[in-house]
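Reader: I would like to go through the side-chain contacts of this model. Please take the features in turn, with the general idea before the case.

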Amino acid sequence: SIVDAYGVPKAGEVNPGLFTCITFPFLFALMFGDLGHGFLMTLCAGLLCFYERKLVWMAKDESMRMFYSGRYIVLLMGIFSMYTGFLYNDIFSRAMGFFASGWVWPADTGGEGVTVEATKLAHTYAIGIDPAWHHANNSLLFTNSYKMKMSIVLGVIHMTLGICLQVPNALHFKKRINIIHVFVPQIIFLFSIFGYLVFTILFKWSTDWYARDASGALTHISPPSLLNMLIYMFLSPGNVSESERMFRGQAALQTFLLLIALVCVPWMLLVKPLILRREHRKIISEGYGRISTHVRVSAEDDVMGGAVVLTEQEEMEEDDFDFADIMINQSIHTIEFCLNSISNTASYLRLWALSLAHAQLSEVLWTMIFLPTLKMSGATQPVAIMCGFSVWFSLTFGILIGMEGLSAFLHALRLHWVEFNNKFYDGTGVKFEPFSFKAILDEAEE
């Protein structure tokens, strides 16, 4: 249903539904990552799947039909959210210490209002984000940087998959020209700019920017800003400031990648139309033309006592090939791809933004509603905890799972329709409907 709402696949076309079964719940979970919220969603979807025969009445209700028909994809969304919540180390905005932390806080904190610094240990946290970050004042700075770069990396991988799916389409429809002169320049253009950005993200992650040599001096400069680096790659090609330099030969490499990207633009724009025109002229020069059949009626009385139908065949001087139309169409596709490569990559930042909003809203509900009741004392504390838990759970289920879940669902839907499907999918087919007398009679009665 998610794919067909965009367009029904035509015969032989790659159906994105095969990949959407995994990529959709995964992208949703990146925005909804919380082990507790994912468990509640999995529990609700599991009950819908287990009692689907008893709950079939929901399919007749307009407001509940969407949840009932999508119960299996919601189940996957909940399971994937539990997985990403485990990686984010989040359960109802609380941290989980499954493994030994890589940081240790000093025993003497110095009293209230004093800033202390955690000490880095020799090992790192085994899987996911270290729980020590949940108690740090600079936690938001760390998770912002981490999730923002993660969104770009996963977004480029997702778009690369969409571009690569042009290949089986071209092979099936025997249009190999689309592989050499559409797929190849597109993938080179994407990798020369945003593939390089992904490389610098991974390089920055794998470098210890605060390592010191034997004399105690820093072995690297401060961590560079990748956004500034990418901007000045276009504004000032061949020049990399000392504060943005990450490795030797970076300026020459960026210039080379920029030139490759520029070469790919006329490659995408001109080569395919020119080859099609050359092939068409070759066909015409060999004497092959489109044959048109005209039908006329003969009214001669001596032919079988009446009129008869005769046919005449003549070669048409005009043909259907229009080079101007092909150039206009190719120009639109080229401009659209080049501009969308930038806008689509930036669009994946919604994975970071919604994940941040979900985590912060969960933190607010915990600290403002339920946590104060746990700090109370006296005989009224049990009643306050019951009331606080009821309000907290109701708001969690209504806002974080209901409203935030719907918001993440819509954003994941947009990422598949706009950033993924349009790379390879036409969706101009017609859905197969088997012949049925009952369907015809029911439609006639309605």
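Author: The model is predicted. Start with the aromatic rings: the pair count comes to 28.

Reader: How are the rings of tryptophan 133 and phenylalanine 142 arranged?

Author: Planes under 30 degrees apart count as stacked. The rings of tryptophan 133 and phenylalanine 142 have centres 4.1 Å apart and planes at 0°, so this pair is stacked. Tryptophan 133 is buried at 18% relative accessible area, while phenylalanine 142 is partly exposed at 29%.

Reader: Which residues form one aromatic cluster?

Author: Phe92, Trp366, Phe370, Phe389, Trp392, Phe393 and Phe397.

Reader: How many salt bridges are found in the whole structure?

Author: Side chains of opposite charge can pair when their charged atoms come close. The search finds seven salt bridges. One joins lysine 10 to aspartate 426, with the closest N and O atoms 3.4 Å apart. That pair links distant parts of the chain, 416 residues apart: lysine 10 is in the loop between H1 and H2, and aspartate 426 in the loop between H13 and H14.

Reader: Is arginine 71 buried or exposed?

Author: Buried means under 20% relative accessible area; arginine 71 has 11%, so it is buried. Its side chain meets glutamate 52 in a salt bridge of 2.8 Å, N to O. Arginine 71 lies in helix H5 and glutamate 52 in the loop between H3 and H4, so the pair ties together parts 19 residues apart in sequence.

Reader: Where is glutamate 446 found?

Author: In the segment after helix H14.

Methods. Residues numbered from 1 in each chain as written. Predicted model: local features only at pLDDT ≥ 70, side-chain atom pairs only at ≥ 80, totals over all residues. Heavy atoms only, no water. Helix = DSSP H or I, 4+ residues; strand = E, 2+ residues; numbered from the N terminus. Phe/Tyr/Trp six-rings, centres within 6.5 Å; stacked < 30°, edge-to-face > 60°. Buried < 20%, exposed > 50% of the residue type's maximum accessible area, 1.4 Å probe, protein only. Salt bridge = Lys/Arg side-chain N within 4 Å of Asp/Glu carboxyl O.
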